[in-house]
Amino acid sequence: MKVVLFCGGYGLRMRSGASDDVPKPMAMVGPRPLIWHVMRYYAYFGHTEFILCLGYGAHHIKDFFLNYEETTSNDFVLRGGRTELLSTDIADWTITFAQTGIESPIGERLRRVRHHLDGDEMFLANYADVLTDAPLPEMIDRFAGRDAGASMMVVPPQSSFHCVELGEDGLVGGITAVSDMPLWENGGYFVLRQEIFDHIPENGDLVADGCAQLAKRGRLVAHQHRGFWKPTDTVKERAALDDAYARGTRPWAVWERDGAGVGA
């Protein structure tokens, strides 16, 4: 299936200064940017047709792939001054680079690349800045067997804060960790049908408009995932992933499970 990646946002909380115009999906985790890790995840499961919804800092993403160095993450032999790769990352990937506007909401970005989907009834979508080890084939199969317009992966709340129950007299009746509450967050991994376009207005949002309307109609499925899932909304979160990569603790790298993963 085709994979639509939303990679045109500003990512203001990830920027280190006014001169830093790198979009969030290009923040580095190990030797590769976030977007590469996300794409490698999908490719591992056989989904190698990507549609990149570009916006802010698009030239950084284009330059990365136009000047892609396979030797960064693959073993190779240098013989007679020529490089012979022993494996490859993106040789079988098809990547469509589509400018979808600087200020466009996620839903509008999706609307603007609809023609690139070639009418495919089902397709995948992702924010391109969240890493997970979720079982993608299971997510797809469960949705394919349902009469629904969209599937959204949901995860337990990630906040370390506590919620406090207050009585009318100001006394605390109970304290509960947010992570222990019966709540779920949008995990950013979607399986969608063309029906989603019926519910996204011009300049609309994928979740607030499209998914919300499907939910009202009983046509939105949730895939609950309690495994590894990490966002990169802040510099601290990105640094934590980069540190984990350096230590060899990278559960999102499902492609390494069979020994065919990236180099350290």
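The largest nonpolar core of this predicted model has 48 residues, and Leu5, Tyr42, Leu52, Phe65 and Trp252 have the most contacts inside it. Helix α1 supplies the largest share of this core, eight residues. A second, separate core has 21 residues, including Ile51, Val113, Phe123 and Ala150. A nonpolar core is a set of buried Ala, Val, Leu, Ile, Met, Phe, Trp, Tyr and Cys residues joined through side-chain atoms within 4.5 Å; buried means under 20% relative accessible area, with a 1.4 Å probe and protein chains only. Helices (H or I, at least four residues) and strands (E, at least two) are DSSP runs numbered from the N terminus.

Residues are numbered from 1 along each chain as its sequence is written. The model is predicted, with local features needing pLDDT of at least 70 and side-chain atom pairs counting only at pLDDT 80 or more, while totals for chains, interfaces and linings use all residues; side-chain values use heavy atoms, without hydrogens and water.

Leaving aside residues up to four places away in sequence, Tyr42 touches Val3, Leu5, His47, Phe50, Leu124, Ala125, Asn126, Leu136 and Tyr189, where contact means heavy atoms within 4.5 Å. Leu136 is also one of the buried residues of helix α4 (residues 136–144), together with Met139, Ile140 and Phe143. Seen down the axis of α4, its buried residues fall within an arc of 95°, so they line one face of the helix; the arc is taken from the directions from the helix axis to the C-beta atoms. These buried residues pack against α1 (34–44), β8 (122–126), β10 (150–155), β13 (185–193) and β14 (220–224).

Two pockets are compared below. A pocket is an open set of points on a 1 Å grid over the protein atoms alone, where a 1.4 Å probe fits, with protein on both sides within 12 Å along at least five of seven lines; lining residues have an atom within 4 Å of a point.

| Largest | about 470 Å³ | eleven nonpolar, seven polar, five charged residues |

The largest pocket is lined by 23 residues, of which Lys24, Ile106, Tyr127, Asp129 and Asp233 are the closest to its centre. Strand β13 gives the most to this lining, with three residues. In the second largest pocket, α6 (235–246) gives the most, with four residues. Among the residues lining the second largest pocket are Gln158, Glu185, Trp229 and Lys236.

Definitions and conventions
Buried < 20%, exposed > 50% of the residue type's maximum accessible area, 1.4 Å probe, protein only. Points joined across faces, edges and corners; volume = space filled by probe spheres on them. Nonpolar A, V, L, I, M, F, W, Y, C, P; charged D, E, K, R; others polar.
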